[in-house]
Amino acid sequence: MKKALDCYSQITDAFDYLCSSWLRLDLADGTRKEAINIAGASAYLFDNLFAEEDAGSDITRAVYEDLRSSYDPKELSAKATSLRLGMDKALYEKGGTPFRDYYRWILPSEPDLENALKDNAGLLAFATIDAFVSLLAEQNKEVSALRIAEIVFLNLTRVFERVFRSHYGPDFRFLASSPYFLSVEEQFERIRASIED
C-alpha cells in the first residue's frame, strides 16, 4: 500500500473514532463528505511533499469509493489548495479560527507545540486539524469549540506522528517539528484525563 493511502485511511479512521467515541456526534451527510475530502486532500499533500509515490490517482480513487455519487473532483482539488494555503506559520500565530485560538491558548503551558510551525510536517498536521475543527465547530454549535479543538488536536496529532514516524524511521527525530509530535504523544494521557474532568 502506498504511504499516502495509509495516511488517508488513518486520518479517516481517526476522524470517525473521535466523532463517535470522543465527541459522540451524529454527523450529517454533508459533514462526512467534507471530512473525507479534507482527509483526501491531506493525504495528497503528504504524498506531494513527503512520500513522492505519485499517489494522486490512488487517493482520488479512495475518496471516490468512500463518496460514490457525491464525489466531486473539484471539491477535492479545492480542499487540497485550501490546506496548502493553511500551511502558513503566521496564521497560527494570529489566531482567528477555533483551532488557531486553541493553539494560542494552550501554547504558554505546552511550549513544545511551537515546533509544529517549524517545518511542513507540523504545518500539514496543523492545517488538517484546523480544517476538521472548523468543520465540526460550524456544524455542531451545541458542542464547545474548545472541546472540539482539543479532541481533534490530540487524535490527529497522534495520527500524523505515526505517519511521519513510519515515513522517516529513525530520522523522524531530526524533524524540526518532532518535539511537537513527541510532546503530544507523551502528554496524551494527562491531557485526556483533564478533558474527562
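The accessible surface of the protein chain comes to about 9,400 Å², by the Shrake-Rupley method with a 1.4 Å probe. Carbon and sulfur atoms hold 46% of that surface. The model is predicted, so local features need pLDDT of at least 70, side-chain atom pairs count only at pLDDT 80 or more, and totals for chains, interfaces and linings use all residues. Residues are numbered from 1 along each chain as its sequence is written, and side-chain values use heavy atoms, without hydrogens and water.

Of the 197 residues, 52% count as buried, meaning under 20% relative accessible area with a 1.4 Å probe, protein chains only.

Now follow the fold. The protein chain has 9 helices and 0 strands; these are DSSP runs, H or I of at least four residues for helices and E of at least two for strands, numbered from the N terminus. The radius of gyration is 16 Å, close to the 16 Å of the globule rule for 197 residues, so the chain is as compact as a globular protein of that length. That radius is taken over C-alpha atoms, and the rule is 2.2 Å times the number of residues to the power 0.38. The C-alpha trace spans about 45 × 40 × 30 Å along its principal axes.

Contacts come next. Among those between residues at least 6 apart in sequence, 76% join residues at least 24 apart. A contact means heavy atoms within 4.5 Å.

How values were computed: Buried < 20%, exposed > 50% of the residue type's maximum accessible area, 1.4 Å probe, protein only.
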